[in-house]
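Welcome, and please open your viewer so that we can walk through this together. At each stop you will select something and then read what is there.

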Amino acid sequence: MIEYEDRLLAGILSQLTEAAPPQLTDRIVARWAYVEGPVEDVYVAFTTVGISSVVPASTVGGAEEFAADFSRRFGKPLLPAARQPEGVARALRSGRATDLRFDLGALTPFERAVLGVTLQIPPGELRPYSWVAGRIDRPRAVRAVGTALGHNPVPVLIPCHRVIRSDGHIGQYGFGQAMKRRLLDAEGVDVDLVEGMVRGGAVYVGDASTQVVCMPTCRRARDAATEDRRPFRRLGDALAGGYRLCPECRPVGR
Amino acid sequence: MHTDASGPAGSLLRAPTVDPGPAPVALPPIAEIDSAFMCLFVEQRDRLYSAALRLTGRPHDAEDLAAEAFLRAYRSLCSFDYERLETLQPRAWLSAILVNVWRNQRRAASRRPAIVSSAAIDAPETVDPKAGVEEQAEGSAEARALGSMLLELPDRQRVAVVLRYIADLPIAEIADVMGCPSGTVKSHISRGLARLRPIAELPNGVERADEGSPR
């Protein structure tokens, strides 16, 4: 008797079954695509929120290895995408990814802040770790900035390769210094010149023609004519000599 | 030097530093997990989403709930070995995850007033191409009323009815999911059905004396 009624009610209850909405699939998986770049081809993984992972193709054994690493790290299966995410190829060519959307939900607010500031560094420019720390109002967190950049899940697009040490040394890179150098070279940054200035004893670099003093990482310091470039060990010496602080790199120190 | 690790001296010498521990269980490669999971997803997504919809009452919440349940399922699956994968009862397993996530979400939200109005309940109308237009209209009106009545049921009755008739689980598996004896599941279901019956407008439904009075 209960069975009989169950069947009748069950019939109506079964009408309450609905098809899962199509977007459910993309809530639980990420998609991957291979995108060619001028320096490095990359594997890109993305969700409906945005790009969540970038790995230079030369650093993994292939798509399967990339997918396996991704799944383990992000806890989501990774499926091939029907097409590349929009704008990634263009961003790789131009070095500007400010119009892309990123899915950085797995990061801490500090890490997101660091990457947000780093994203704004234009191609061909360098910034010291301390500059990034200053821009997020954590001037003492220089080391933490370095760590956050080292864990950047979307390198190349968020250009952590443009962040180097305040003293002009190129600093660490998750995929090795050689790749950092290649990426910077391709943007027209003369890494040798920067390192040369530092080896010459410069902590700051002045341009005698414009009377502006910069960090060695600053584009203006590199753009100065060789004969106008003046090394300074102390900022005070440059200021005493009539130099103004560069408004771009805003050097600090004594 | 030859050392026999199985001998007492060898064990003493070597155990603290190089004891390999229990032999590692071979886990399937991620690619296999992924394809197993995607099969599972395609097979179970409608059922799980529907169950989520009838537990939460709102399509948006149901999507969140189903997505979270599937993601948790995937993370668990990644640590399963072959044996566990082969003996898995996907429907009951996923339902258990769904109910757990739902309970946790409700607990977290319990301080907010939970106002459920029938206006908020209806999913954007989905059309079953197999049903005739009239049948569809009639069926969905009745079903809609049942859907909102389901939300009025006490949690355990609602879970039991949803798992039985939407997720299509046998009583024994519902008992596992809910962590109670089968008899208790049956009583949750019949109490739940007793409340739903007036809406279903069964000809003799109201006269059933053995179904227990509504609470």
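The tour below goes from sheets to helices, with a few single residues along the way.

**Before you start**

This is a predicted model, in which local features need pLDDT of at least 70 and side-chain atom pairs count only at pLDDT 80 or more, while totals for chains, interfaces and linings use all residues. Residues are numbered from 1 along each chain as its sequence is written, chains are lettered from A and ligands numbered from 1 in the order in which they are written, and side-chain values use heavy atoms, with hydrogens and water left out.

**Stop 1: a sheet in chain A**

Select β1 to β4 of chain A; they form an open sheet of four strands in the order β3-β2-β1-β4, with mixed pairing. Strands here are DSSP runs of E with at least two residues, helices are runs of H or I with at least four, and both are numbered from the N terminus. Two strands pair if DSSP finds at least two bridges between them.

Which strands stand at the edges? They are β3 (51-56) and β4 of chain A, each with a single partner strand, so one side of each is left without a neighbour in the sheet. From one strand to the next, the twist averages 30 degrees.

Now look at β1(A), residues 30-35. With β4(A), residues 78-80, strand β1(A) pairs in the parallel sense over three bridges. Click on A:W32 and find its bridge partner in β4(A), A:P80. With β2(A), residues 42-46, strand β1(A) pairs in the antiparallel sense over five bridges. Here A:Y34 has A:Y43 of β2(A) as its bridge partner. Follow the chain from β1(A) to β2(A) and you trace a hairpin joined through six residues.

**Stop 2: another sheet in chain A**

Next, select β7 to β10 of chain A. This open sheet has four strands in the order β9-β7-β8-β10, again with mixed pairing. Its edge strands are β9 (229-232) and β10 (244-245), and each pairs on one side only.

Zoom in on β7(A), residues 204-207, and β8(A), residues 212-214: they run antiparallel and are joined by three bridges. Opposite A:V205 you will find A:C214 in β8(A).

Stay with A:C214: is this residue buried or exposed? At 2% relative accessibility, A:C214 is buried; buried means under 20% relative accessible area, exposed over 50% and partly exposed in between, with a 1.4 Å probe and protein chains only.

A disulfide is a covalent bond between the sulfur atoms of two cysteines. The search used here counts a pair of cysteine sulfur atoms within 2.5 Å, and over all chains it finds zero disulfides.

**Stop 3: positive phi angles**

Most residues other than glycine have a negative phi. Select A:Q211, in the loop between β7 and β8 of chain A. A:Q211 is not a glycine, yet its phi is positive, at about 60 degrees. With a relative accessible area of 28%, A:Q211 is partly exposed.

Then go to A:R250, in the segment after β10 of chain A. A:R250 also has a positive phi, near 45 degrees, in a residue other than glycine.

**Stop 4: a pair of helices**

Select α8 (residues 177-186) and α9 (residues 191-199) of chain A, which pack at an angle of about 110 degrees with their axes 9 Å apart. The axes are lines fitted to C-alpha atoms over the stretch in contact, and angles run from 0 to 180 degrees between N-to-C directions. The two helices are therefore roughly perpendicular, a label for angles of 65 to 115 degrees.

Show the side chains of A:R181, A:L184 and A:D185 from α8(A), and of A:V191, A:D192 and A:E195 from α9(A): these make the contact, where contact means heavy atoms within 4.5 Å.

**Stop 5: chain B**

Finally, colour chain B, which has nine helices and zero strands. Of its 215 residues, 40% are buried.

Select B:A143 in helix α6 (residues 133-152) of chain B. B:A143 is buried, with a relative accessible area of 4%. Leaving aside neighbours within four places in sequence, B:A143 is in contact with A:I12, A:Q15 and A:L16. Last, find B:I199: B:A143 and B:I199 are 56 residues apart in sequence and 9.0 Å apart in space, C-alpha to C-alpha.

Conventions: Angles under 35 degrees count as roughly parallel, over 145 as roughly antiparallel, 65 to 115 as roughly perpendicular and the rest as oblique.
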